[in-house]
Amino acid sequence: MKYLLTVLCGIVFFSSCKDDNEDNVEPRFDRTVIFYISGDNSLSDDVEDNVNDIIAGTAGIGENNVAVLLVDNNNTKPKTMVVKNGAIESQTIFDNDFYMTSPNMMKTLLTSVMNENTAKSYGFVFWGHCTGWFIDNDSISTRAYGPDNNGGASMSGDKWINFPTLAMVFESLPSKFDFIVGDCCLLQCAEVAFEMRNSTKYIIGSPSETPSTGIPYKEIMPYMYSTATDYCSQMADIMNKHVLYDYSGKKVQIPTSVINTAAMDNLASVTKKIIMGENLPYPINTKSVIYYYKWIGKNGLRQPIMFDMQNVFSNNTSDNVYREWKQAFDAAVVYRKPSERWMTSYFWIDDFEVTEENYGGMSMFFPLDQYEDMPSFDPNNRIKNMQWYKAAGIDLYTK
């Protein structure tokens, strides 16, 4: 056991030198779904219940499918659990703690899991905190997915991993994912989907904040292993119908969507064409537009920042321009389920109405003067680190 991390690193190194004949080896499973549970943070109290629900949810998935859980929690060592048919088949507890959000460690762990649990297809679940595309200059400093604390409870040791770095990790793995599910906040944004377009076929999740109690795994697990053509929309439906209660005791649901990443390049091109043609006014009119997140802006006021992309374009472009853009958008966001109200860390602002018509299920960042000098994130500048920034013409938007 004490040499386990060294062995894992060796697996990654030697996998690039494997014999070509190994490519012809029959996969062990039809589908392997990897659950990446970064719980060494403020979500620690919810880890055990979610892990138990995932295990219970594997009952009946069949001998040809497997779930692999990579779990880190407060005051515990990280561990790997291989689960089939409602039971733990094997478990490995690491001798030493490490950052689950380290790019090198993520690559090592995920490559090892894929090599040991070869499958015809793979799925991936993000469990933890997420701040969407928000990014710092350091690839493992603050924001986007995580965080991991490396064994301590203090937030001062938290380290996150951003999505450009995650994309590099995922693109280096033995196989592309069929789907990524986000049991985390703010995943469904254009910037993340574009960054991850070469890593997965579909992204299923929410553009809004989501509750720490997690998604209903007992209900959703069978669809993670389904061969039906609509398995992604079935997962989005189950996530959406999961009724919860917010901090004020009011009922909330999770707005969800399914993003087809293969269509993100065209959506970026059409968006850029509209911006270059000066058909999207600057600044955009955000009155009554759906937004999914707020953060501290100028003068300490909380500013809406993650606006619904479809709602912005429908309110700010002509009918002809919008129709062309909407075709590209619908090819990218292939399924969506709205909610009238969802969880928020602050307080609900009901200055917009959510309907089937105005809900697009994917957010986008639009640079605005009100985001200048915003503490922590500096979004008007940090958006430049995302590939979407130039691909969608955001670099031309304010000029």
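Q: Which residue in β8 stands opposite Asp 148?
A: In this predicted model, Asp 148 has Lys 159 of β8 opposite it.

Q: What makes β7 and β8 count as a pair of strands?
A: Strands pair if there are at least two bridges between them. Two bridges join β7 (residues 145-148) to β8, so the two strands meet the requirement. They run antiparallel.

Q: What makes β6 and β8 edge strands?
A: The open sheet has three strands in the order β6-β7-β8, with antiparallel pairing. Both β6 (129-130) and β8 (159-161) pair on one side only, and this makes them the edge strands.

Q: Why is Asn 50 called buried?
A: The limit for a buried residue is under 20% relative accessible area. Asn 50 has 1% relative accessibility, so the residue counts as buried. Asn 50 lies in helix α2 (residues 44-57).

Q: Why is the link between Asp 30 and Lys 120 called a salt bridge?
A: The side-chain nitrogen must be within 4 Å of a carboxyl oxygen. For Asp 30 and Lys 120, the closest N and O atoms are 3.4 Å apart, so the pair qualifies. Asp 30 is in strand β1 (residues 29-39) and Lys 120 is in strand β5 (residues 119-127), 90 residues apart, so the pair links distant parts of the chain.

Q: Why does Lys 120 count as exposed, and why does Asp 30 count as partly exposed?
A: Exposed means over 50%. Lys 120 has 59% relative accessibility and is therefore exposed. Asp 30, at 31%, falls between the limits of 20% and 50%, so Asp 30 is partly exposed.

Q: How do you know that Arg 336 is buried?
A: Its relative accessible area is 18%, which is under 20%, and therefore Arg 336 is buried. Arg 336 forms a salt bridge with Asp 330, the closest N and O atoms being 3.0 Å apart. Asp 330 is partly exposed, with a relative accessible area of 31%.

Terms used
Residues are numbered from 1 along each chain as its sequence is written. This is a predicted model: local features need pLDDT of at least 70, side-chain atom pairs count only at pLDDT 80 or more; totals for chains, interfaces and linings use all residues. Side-chain values use heavy atoms; hydrogens and water are left out. Helices (H or I, at least four residues) and strands (E, at least two) are DSSP runs, numbered from the N terminus. Buried means under 20% relative accessible area, exposed over 50%, partly exposed in between (1.4 Å probe, protein chains only).
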